[in-house]
Amino acid sequence: MEVDKAQEQPCPPEEKLDSLSITTAAAEPSSATGMTLEERFEIIKSVGEECIQESELMLLLSKKPEPICYDGFEPSGHMHIAQGAMKIINVNKLLSAGCRVRMWIADWFAQLNNKMGGDIKKIQDVGNYFIEVWKAAGMDIDSGKVEFLWASKEINERAHEYWPLVMDIAAKNKLPRLQRCCQIMGREDPEDLTGAQIFYPCMQCADIFFLKADICQLGMDQRKVNVLAREYCDDIKRKHKPIILSHHMLPGLLQGQEKMSKSDASSAIFMDDSEADVNLKIKKAYCPPKIVEKNPCLEYVKYIVLPWFKEFTIDREAAYGGPKTYLTFEEIVADYEAEALHPKDLKSALTKSLNKILQPVRDHFVNNEYARNLLKKIKKYKVTK
């Protein structure tokens, strides 16, 4: 991997900024983004449901023009909408605020976790499918600030850097601490873990330092291993710790489903779903009148539709209130709780919006020969969504 040495310079050690310098920096627009420090901070912070630590993020932005953000994924199965549209929203926000994003295609990790039956060729085909989906759906790859890095290739090329780091992390942590991190793989029962899966958290922790990441932008389900990385910084007396931006986890579409599941196609919208698939899934989705909490349809509106389109439009007959366009989620909630917005109308508008987001992906996998053949190949693998 050829990397510009200038962008690899680490953030200076943690230090206190005096109030005058931080105020001045916050008010002056960056030449690269046209945004003030405060504006960049707010955009980046908005990506996460939780930020550890906000003060460190502000310091980082004041010292480093192009922070490195890391986002990793196991290529496994078809891509659901959180991996697709939601990730595109977050990555494009980070890019707009001046960050560089390293997308870590964790093919070896998927093999360790026995995804696709542990077949590395199938895993890599799925990884290429993921990239095609992101390109088609609108990730700002043309910015030149998104890198897709294959774990197997990068680790093999720089094994002398990677494996000593993994071994040191393993040596500095007790087995129970590593077992607590194993939920990152969707594994809860320690009796079920293989030796390879115990090693997985050490490797994922090492990835953060190997990729020289300033910011870890992953889901809340990956929080424990990101915290492990910060604890490792304490062990080695490193002041510059990775900042953790943990994004929201969308629930499943059906009642009682706390999260999406690739093993249950009805639990989520997938990026290669047909229009008929989307229509049926949203029709069956849990959406009780007046209830906002744990309502998956409202979550899709909040975390996908509104950030994507900047508005949410309800088309309905005048007898039922007529068309209405919402600009904030708070407006939608107020009407929904007051029963001024009916679940049927909400679902109809949501279905229309989701199909609009997915149509470029459908077109790409029909019109682009490489993408079309790739999807055919993956379907032959009988991948469970």
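This is a predicted model: local features need pLDDT of at least 70, side-chain atom pairs count only at pLDDT 80 or more; totals for chains, interfaces and linings use all residues.
1. Helix α15. The kink is at Leu358, amounts to about 35 degrees, and comes shortly before the proline Pro360. The helix covers residues 343-367, and its 25 residues, at 1.5 Å a residue, should span 36 Å.

2. Packing of α6 against α16. Two packed helices are described by the angle between their axes and the distance between the axes. For helix α6 (residues 120-137) and helix α16 (residues 369-380), the axes come within 10 Å and the crossing angle is roughly 135 degrees. The two helices are therefore oblique to each other, and their crossing is left-handed. On the α6 side the contact is made by Lys121, Asp125, Val126, Asn128, Tyr129 and Glu132, and on the α16 side by Tyr370, Ala371, Leu374, Leu375, Lys377 and Ile378. By class, these residues divide into seven nonpolar, one polar and four charged.

3. Packing of α10 against α11. The axes of helix α10 (residues 195-210) and helix α11 (residues 223-235) come within 9 Å and cross at roughly 65 degrees. It follows that α10 and α11 are roughly perpendicular to each other; the crossing is right-handed. From α10, the residues Pro201, Gln204, Cys205, Ile208 and Phe209 meet Val225, Asn226, Leu228, Ala229, Tyr232 and Cys233 of α11. This contact has nine nonpolar residues, two polar residues and no charged residues.

4. Packing of α2 against α3. Helix α2 (residues 37-46) and α3 have axes that come within 10 Å and cross at roughly 130 degrees. The pair is therefore oblique, and α2 passes α3 in a right-handed crossing. Leu37, Glu38, Arg40, Phe41, Ile44 and Lys45 of α2 meet Glu54, Leu57, Met58, Leu61 and Ser62 of α3. The residues of this contact comprise six nonpolar, one polar and four charged.

5. A cis peptide bond. Which form does the peptide bond from Ile52 to Gln53 take, cis or trans? The bond is cis, with omega near 0 degrees. Gln53 is located in the loop between β1 (50-52) and α3 (54-63). As background, most peptide bonds are trans.

6. Most residues other than glycine have a negative phi. The place of Glu339 is the loop between α14 (329-337) and α15.

7. Helix α15 carries the kink at Leu358, and the loop between α14 and α15 holds Glu339. Helix α3 meets α2 through residues including Leu57 and Leu61, and the loop between β1 and α3 holds Gln53.

Note on methods
Residues are numbered from 1 along each chain as its sequence is written. Side-chain values use heavy atoms; hydrogens and water are left out. Axes are lines fitted to C-alpha atoms, for helices over the stretch in contact, and angles run from 0 to 180 degrees between N-to-C directions. Helices (H or I, at least four residues) and strands (E, at least two) are DSSP runs, numbered from the N terminus. Angles under 35 degrees count as roughly parallel, over 145 as roughly antiparallel, 65 to 115 as roughly perpendicular and the rest as oblique. A crossing is left-handed if the near helix is turned anticlockwise from the far one by less than a right angle, and right-handed if clockwise. Contact means heavy atoms within 4.5 Å. Ala, Val, Leu, Ile, Met, Phe, Trp, Tyr, Cys and Pro count as nonpolar, Asp, Glu, Lys and Arg as charged, and the others, Gly among them, as polar. The expected span of a helix is 1.5 Å times one less than its number of residues. The bend at a residue is the angle between axes fitted to the seven residues ending there and the seven starting there.
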